[in-house]
Amino acid sequence: MRCKFCESEAYIRLHYPKMLLCREHFIEYFERKVKRTIERYKLLKPDEKILIVISGGKDSAVTAYVLKKLGYNIECLHINLGIGKYSEESEAYAKRQCELIGAKLHIVRVRELLGAGIGELKTRRPTCSYCGITKRYIFNKFAYENGFDAIATGHNLDDEVSFIFSNIMHWNTDYLGKQGPLLPGEGKFVKKVKPLYELTEREVVYYALAVGLEYIVHECPHARGATTIEYKEILNAMEEKKPGTKINFIKGFLRKKHLFERELKEAPLGECKVCGMPAQGEKCSFCRVWGLEEAVGLKIK
Ligand code: Q46
Ligand code: ZN
Ligand code: ZN
(Lines give C-alpha, C1' and ligand atoms only; values in the text may rest on other atoms or scores of the structure.)
(Ligands and ions follow the chains in the order given, each with its own letter.)
Protein backbone atom coordinates (compact mmCIF):
# COMPACT_ATOMS: atom_id res chain seq x y z
CA MET A 1 0.00 0.00 0.00
CA ARG A 2 1.20 3.46 -0.94
CA CYS A 3 1.63 6.69 1.00
CA LYS A 4 -1.05 9.33 0.51
CA PHE A 5 1.51 11.87 -0.67
CA CYS A 6 4.09 9.89 -2.65
CA GLU A 7 4.86 6.59 -4.33
CA SER A 8 6.64 5.07 -1.33
CA GLU A 9 5.43 2.10 0.66
CA ALA A 10 3.18 3.06 3.61
CA TYR A 11 4.84 2.97 7.05
CA ILE A 12 1.79 3.68 9.20
CA ARG A 13 -1.97 3.72 8.87
CA LEU A 14 -3.40 6.69 10.78
CA HIS A 15 -7.00 6.38 11.89
CA TYR A 16 -7.77 10.02 12.56
CA PRO A 17 -7.36 11.69 10.17
CA LYS A 18 -7.59 8.52 8.11
CA MET A 19 -4.53 8.09 5.88
CA LEU A 20 -1.53 5.99 4.99
CA LEU A 21 1.88 7.62 5.27
CA CYS A 22 5.40 6.58 4.33
CA ARG A 23 8.18 6.98 6.87
CA GLU A 24 9.32 10.40 5.59
CA HIS A 25 5.83 11.85 5.42
CA PHE A 26 4.93 10.46 8.84
CA ILE A 27 8.01 12.13 10.38
CA GLU A 28 6.97 15.39 8.73
CA TYR A 29 3.36 14.99 9.94
CA PHE A 30 4.47 14.27 13.52
CA GLU A 31 6.85 17.21 13.75
CA ARG A 32 4.29 19.57 12.21
CA LYS A 33 1.77 18.45 14.81
CA VAL A 34 4.19 19.14 17.69
CA LYS A 35 4.93 22.57 16.22
CA ARG A 36 1.22 23.31 15.94
CA THR A 37 0.60 22.18 19.53
CA ILE A 38 3.34 24.52 20.75
CA GLU A 39 1.81 27.41 18.79
CA ARG A 40 -1.84 26.66 19.56
CA TYR A 41 -1.35 26.53 23.32
CA LYS A 42 1.50 29.08 23.39
CA LEU A 43 3.77 26.62 25.18
CA LEU A 44 7.23 27.95 24.33
CA LYS A 45 8.98 31.01 22.98
CA PRO A 46 11.88 30.52 20.55
CA ASP A 47 14.54 31.95 22.89
CA GLU A 48 13.57 30.01 26.02
CA LYS A 49 15.97 27.62 27.74
CA ILE A 50 14.17 24.31 28.11
CA LEU A 51 14.86 21.39 30.42
CA ILE A 52 13.63 17.94 29.41
CA VAL A 53 13.52 15.23 32.04
CA ILE A 54 14.73 12.13 30.22
CA SER A 55 13.61 8.92 31.90
CA GLY A 56 15.00 6.45 29.36
CA GLY A 57 11.47 5.83 28.04
CA LYS A 58 10.08 6.72 24.62
CA ASP A 59 7.97 9.79 25.42
CA SER A 60 10.63 12.01 26.97
CA ALA A 61 13.20 10.93 24.36
CA VAL A 62 10.85 11.81 21.50
CA THR A 63 10.04 15.16 23.14
CA ALA A 64 13.74 16.03 23.34
CA TYR A 65 14.42 14.81 19.80
CA VAL A 66 11.63 16.85 18.21
CA LEU A 67 12.26 20.04 20.21
CA LYS A 68 15.93 19.90 19.28
CA LYS A 69 15.02 19.37 15.62
CA LEU A 70 12.61 22.31 15.75
CA GLY A 71 15.52 24.47 16.87
CA TYR A 72 14.78 24.91 20.57
CA ASN A 73 17.50 25.44 23.14
CA ILE A 74 17.26 22.26 25.17
CA GLU A 75 19.23 20.44 27.84
CA CYS A 76 18.26 17.14 29.44
CA LEU A 77 18.14 15.87 33.00
CA HIS A 78 18.05 12.23 34.00
CA ILE A 79 17.11 11.37 37.58
CA ASN A 80 18.57 8.02 38.57
CA LEU A 81 16.09 6.76 41.18
CA GLY A 82 18.41 4.12 42.61
CA ILE A 83 16.02 1.24 41.85
CA GLY A 84 18.58 -1.49 41.15
CA LYS A 85 18.97 -2.79 37.62
CA TYR A 86 15.98 -0.85 36.36
CA SER A 87 17.68 2.47 37.15
CA GLU A 88 21.03 1.35 35.73
CA GLU A 89 19.34 0.42 32.48
CA SER A 90 17.30 3.64 32.38
CA GLU A 91 20.43 5.75 32.80
CA ALA A 92 22.20 3.86 30.02
CA TYR A 93 19.27 4.51 27.65
CA ALA A 94 19.10 8.19 28.64
CA LYS A 95 22.81 8.56 27.79
CA ARG A 96 22.42 6.87 24.41
CA GLN A 97 19.34 8.93 23.57
CA CYS A 98 21.08 12.23 24.36
CA GLU A 99 24.08 11.22 22.24
CA LEU A 100 21.79 10.56 19.27
CA ILE A 101 19.86 13.79 19.86
CA GLY A 102 23.03 15.81 20.42
CA ALA A 103 21.74 17.29 23.66
CA LYS A 104 23.59 18.02 26.88
CA LEU A 105 22.68 15.56 29.64
CA HIS A 106 22.80 16.23 33.39
CA ILE A 107 22.42 13.33 35.79
CA VAL A 108 21.19 13.50 39.38
CA ARG A 109 21.41 10.25 41.34
CA VAL A 110 18.95 9.96 44.21
CA ARG A 111 21.19 7.64 46.23
CA GLU A 112 24.17 10.01 46.01
CA LEU A 113 21.98 13.01 46.81
CA LEU A 114 19.87 11.56 49.61
CA GLY A 115 21.66 8.45 50.86
CA ALA A 116 19.02 5.93 49.77
CA GLY A 117 17.30 4.83 46.59
CA ILE A 118 13.57 4.90 45.93
CA GLY A 119 12.06 1.86 47.65
CA GLU A 120 14.63 1.87 50.46
CA LEU A 121 13.28 4.73 52.53
CA LYS A 122 11.47 3.97 55.79
CA THR A 123 8.19 5.83 55.50
CA ARG A 124 4.48 5.05 55.67
CA ARG A 125 3.91 6.61 52.27
CA PRO A 126 3.55 4.28 49.27
CA THR A 127 6.73 4.08 47.18
CA CYS A 128 5.24 5.73 44.09
CA SER A 129 3.89 8.58 46.17
CA TYR A 130 7.26 9.68 47.54
CA CYS A 131 8.96 8.80 44.26
CA GLY A 132 6.64 11.30 42.55
CA ILE A 133 7.32 13.94 45.21
CA THR A 134 11.07 13.36 44.82
CA LYS A 135 11.11 13.53 41.02
CA ARG A 136 8.90 16.64 40.84
CA TYR A 137 11.00 18.41 43.47
CA ILE A 138 14.32 17.56 41.84
CA PHE A 139 13.37 18.56 38.30
CA ASN A 140 11.67 21.77 39.40
CA LYS A 141 14.51 22.82 41.70
CA PHE A 142 17.12 21.85 39.12
CA ALA A 143 15.35 23.98 36.52
CA TYR A 144 14.87 26.86 38.96
CA GLU A 145 18.43 26.94 40.28
CA ASN A 146 19.98 26.68 36.84
CA GLY A 147 17.93 29.33 35.08
CA PHE A 148 15.67 27.23 32.83
CA ASP A 149 12.52 28.95 31.55
CA ALA A 150 10.47 25.79 31.06
CA ILE A 151 10.32 22.07 31.77
CA ALA A 152 8.98 19.97 28.91
CA THR A 153 7.53 16.55 29.74
CA GLY A 154 6.59 13.67 27.45
CA HIS A 155 2.89 13.25 28.33
CA ASN A 156 1.02 12.09 25.25
CA LEU A 157 -2.67 12.14 24.32
CA ASP A 158 -3.33 8.67 25.76
CA ASP A 159 -1.78 9.62 29.12
CA GLU A 160 -3.87 12.75 29.33
CA VAL A 161 -7.15 11.19 28.24
CA SER A 162 -6.80 8.17 30.55
CA PHE A 163 -5.84 10.41 33.50
CA ILE A 164 -8.83 12.69 33.08
CA PHE A 165 -11.18 9.82 32.26
CA SER A 166 -10.22 7.79 35.35
CA ASN A 167 -10.46 10.86 37.59
CA ILE A 168 -13.91 11.64 36.27
CA MET A 169 -14.99 8.01 36.69
CA HIS A 170 -14.15 8.34 40.39
CA TRP A 171 -15.24 11.99 40.59
CA ASN A 172 -11.79 12.92 41.80
CA THR A 173 -12.21 16.33 40.30
CA ASP A 174 -10.11 18.33 42.79
CA TYR A 175 -7.14 18.84 40.52
CA LEU A 176 -8.72 18.66 37.09
CA GLY A 177 -8.80 22.46 36.95
CA LYS A 178 -4.98 22.39 36.70
CA GLN A 179 -4.71 19.78 33.94
CA GLY A 180 -3.72 20.83 30.46
CA PRO A 181 -0.80 21.26 28.06
CA LEU A 182 0.56 24.30 29.94
CA LEU A 183 1.09 24.94 33.62
CA PRO A 184 2.39 28.50 33.91
CA GLY A 185 5.35 29.21 36.18
CA GLU A 186 4.73 30.90 39.48
CA GLY A 187 7.30 32.04 42.02
CA LYS A 188 9.79 29.21 42.38
CA PHE A 189 7.70 26.86 40.25
CA VAL A 190 9.06 26.73 36.72
CA LYS A 191 6.60 26.60 33.79
CA LYS A 192 5.68 23.06 32.63
CA VAL A 193 4.66 22.17 29.10
CA LYS A 194 3.54 19.04 27.22
CA PRO A 195 4.50 19.27 23.52
CA LEU A 196 3.14 15.75 22.71
CA TYR A 197 -0.29 16.64 24.09
CA GLU A 198 -2.15 15.88 20.85
CA LEU A 199 -0.15 12.83 19.72
CA THR A 200 -1.20 9.28 20.52
CA GLU A 201 1.04 6.74 22.20
CA ARG A 202 1.01 4.70 18.99
CA GLU A 203 2.25 7.69 16.98
CA VAL A 204 5.02 8.29 19.53
CA VAL A 205 6.18 4.65 19.26
CA TYR A 206 6.19 4.79 15.44
CA TYR A 207 8.07 8.08 15.50
CA ALA A 208 10.73 6.75 17.90
CA LEU A 209 11.25 3.75 15.60
CA ALA A 210 11.29 5.91 12.49
CA VAL A 211 14.10 8.15 13.74
CA GLY A 212 16.06 5.33 15.43
CA LEU A 213 15.53 6.22 19.09
CA GLU A 214 15.95 3.23 21.38
CA TYR A 215 14.18 3.25 24.73
CA ILE A 216 13.63 1.15 27.84
CA VAL A 217 10.64 -1.15 27.64
CA HIS A 218 10.92 -2.72 31.10
CA GLU A 219 8.56 -1.34 33.71
CA CYS A 220 9.75 -0.06 37.05
CA PRO A 221 9.39 -2.93 39.58
CA HIS A 222 7.18 -0.69 41.76
CA ALA A 223 4.76 0.11 38.95
CA ARG A 224 1.19 -0.86 39.54
CA GLY A 225 0.05 0.35 36.16
CA ALA A 226 -2.81 -2.13 35.79
CA THR A 227 -5.66 0.37 36.19
CA THR A 228 -4.09 2.92 33.85
CA ILE A 229 -3.56 0.18 31.28
CA GLU A 230 -7.18 -0.94 31.65
CA TYR A 231 -8.43 2.58 31.04
CA LYS A 232 -6.13 2.91 28.05
CA GLU A 233 -7.52 -0.34 26.62
CA ILE A 234 -11.12 0.83 27.07
CA LEU A 235 -10.28 4.13 25.41
CA ASN A 236 -8.49 2.36 22.55
CA ALA A 237 -11.59 0.22 21.95
CA MET A 238 -13.73 3.36 21.85
CA GLU A 239 -11.25 5.04 19.51
CA GLU A 240 -11.38 2.06 17.17
CA LYS A 241 -15.17 2.17 16.99
CA LYS A 242 -15.25 5.90 16.68
CA PRO A 243 -11.95 7.43 15.49
CA GLY A 244 -11.32 10.86 16.98
CA THR A 245 -12.84 9.99 20.39
CA LYS A 246 -9.65 10.77 22.31
CA ILE A 247 -8.78 14.07 20.70
CA ASN A 248 -12.39 15.26 20.88
CA PHE A 249 -12.56 14.26 24.54
CA ILE A 250 -9.45 16.28 25.38
CA LYS A 251 -10.56 19.32 23.37
CA GLY A 252 -13.97 19.22 25.05
CA PHE A 253 -12.27 18.96 28.42
CA LEU A 254 -10.17 22.06 27.73
CA ARG A 255 -13.33 23.98 26.81
CA LYS A 256 -15.04 22.91 30.04
CA LYS A 257 -12.03 23.04 32.32
CA HIS A 258 -13.21 26.23 33.99
CA LEU A 259 -15.98 24.16 35.62
CA PHE A 260 -13.35 22.41 37.71
CA GLU A 261 -11.26 25.46 38.48
CA ARG A 262 -13.36 26.52 41.42
CA GLU A 263 -12.75 23.13 43.03
CA LEU A 264 -9.02 23.69 43.24
CA LYS A 265 -8.15 23.41 46.87
CA GLU A 266 -5.08 25.51 47.13
CA ALA A 267 -3.92 26.65 50.50
CA PRO A 268 -1.61 29.66 50.24
CA LEU A 269 1.99 28.54 49.99
CA GLY A 270 4.72 29.61 52.35
CA GLU A 271 8.42 28.79 52.21
CA CYS A 272 9.99 25.58 53.45
CA LYS A 273 12.17 26.41 56.45
CA VAL A 274 14.78 23.91 55.28
CA CYS A 275 15.13 24.58 51.57
CA GLY A 276 13.18 27.77 50.89
CA MET A 277 11.04 26.18 48.17
CA PRO A 278 7.23 26.55 48.22
CA ALA A 279 5.61 24.61 51.07
CA GLN A 280 2.19 24.16 52.57
CA GLY A 281 3.37 23.72 56.16
CA GLU A 282 6.69 24.48 57.83
CA LYS A 283 8.51 22.04 55.58
CA CYS A 284 7.87 21.10 51.94
CA SER A 285 6.76 17.51 51.33
CA PHE A 286 10.17 16.60 49.88
CA CYS A 287 12.16 17.73 52.94
CA ARG A 288 9.53 16.10 55.17
CA VAL A 289 9.60 12.72 53.43
CA TRP A 290 13.39 12.56 53.39
CA GLY A 291 13.71 13.96 56.95
CA LEU A 292 16.06 16.71 55.80
CA GLU A 293 17.48 19.38 58.06
CA GLU A 294 19.63 20.89 55.34
CA ALA A 295 18.70 21.82 51.79
CA VAL A 296 20.02 19.73 48.92
CA GLY A 297 21.81 21.78 46.28
CA LEU A 298 21.18 21.12 42.60
CA LYS A 299 23.12 23.94 41.03
CA ILE A 300 25.39 22.82 38.19
CA LYS A 301 28.99 23.27 39.27
S1 Q46 B 1 6.52 6.47 40.47
FE2 Q46 B 1 6.49 4.34 41.10
FE3 Q46 B 1 7.12 5.30 38.71
FE4 Q46 B 1 8.66 5.92 40.76
S5 Q46 B 1 8.51 4.06 41.94
FE6 Q46 B 1 8.66 3.41 39.81
S7 Q46 B 1 6.54 3.22 39.20
S8 Q46 B 1 9.34 5.24 38.79
S9 Q46 B 1 6.41 6.28 36.90
ZN1 ZN C 1 5.18 9.63 1.38
ZN1 ZN D 1 12.04 21.83 51.56
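Lys42 is exposed, with a relative accessible area of 67%, where exposed stands for over 50% relative accessible area, buried for under 20% and partly exposed for the range in between, as found with a 1.4 Å probe on protein chains only. The structure is a predicted model, in which local features need a pLDDT of at least 70 and side-chain atom pairs count only at pLDDT 80 or more, whereas totals for chains, interfaces and linings use all residues. Residues are numbered from 1 along each chain as its sequence is written, chains are lettered from A and ligands numbered from 1 in the order in which they are written, and side-chain values use heavy atoms, with hydrogens and water left out.

Lys42 is placed in the loop between H1 and strand S3 (49-53); helices (H or I, at least four residues) and strands (E, at least two) are DSSP runs numbered from the N terminus. The phi angle of Lys42 is near 50°, a positive value in a residue other than glycine. Most residues other than glycine have a negative phi, and most peptide bonds are trans. Trp171, in the loop between helix H6 (157-169) and strand S7 (182-183), also has a phi near 50°, and this residue is exposed, with a relative accessible area of 63%. A cis peptide bond, with omega at about 0°, joins Tyr16 and Pro17, and Pro17 belongs to the loop between S1 and strand S2 (18-21).

The zinc ion (ligand 2) is coordinated at 2.1 to 2.3 Å by Cys3 (SG), Cys6 (SG), Cys22 (SG) and His25 (ND1). Donors are here N, O and S atoms within 2.8 Å of the metal (3.2 Å for Na, K and Ca), and sites may look incomplete because water is not among the atoms. Along the chain, the donors of this zinc ion (ligand 2) follow the spacing C-x2-C-x15-C-x2-H. Cys3 lies in the segment before strand S1 (12-15) and His25 in helix H1 (residues 23-40), so that the pair ties together parts 22 residues apart in sequence. Cys3 itself is buried, at a relative accessible area of 6%.

Cys275, in the loop between strand S9 (270-271) and strand S10 (278-279), and Cys287, in helix H11 (residues 285-289), are twelve residues apart, and the pair links distant parts of the chain. Cys275 is buried at a relative accessible area of 13%, and Cys287 is buried at 1% relative accessibility.

Helix H1 also packs against helix H7 (residues 201-211), at an angle of about 125° and with the axes 10 Å apart. The axes are lines fitted to C-alpha atoms, for helices over the stretch in contact, and the angles run from 0 to 180 degrees between N-to-C directions. H1 is therefore oblique to H7, a class that takes the angles left over when those under 35 degrees count as roughly parallel, over 145 as roughly antiparallel and 65 to 115 as roughly perpendicular.

Finally, the count of disulfides comes to zero, a disulfide being a pair of cysteine sulfur atoms within 2.5 Å.
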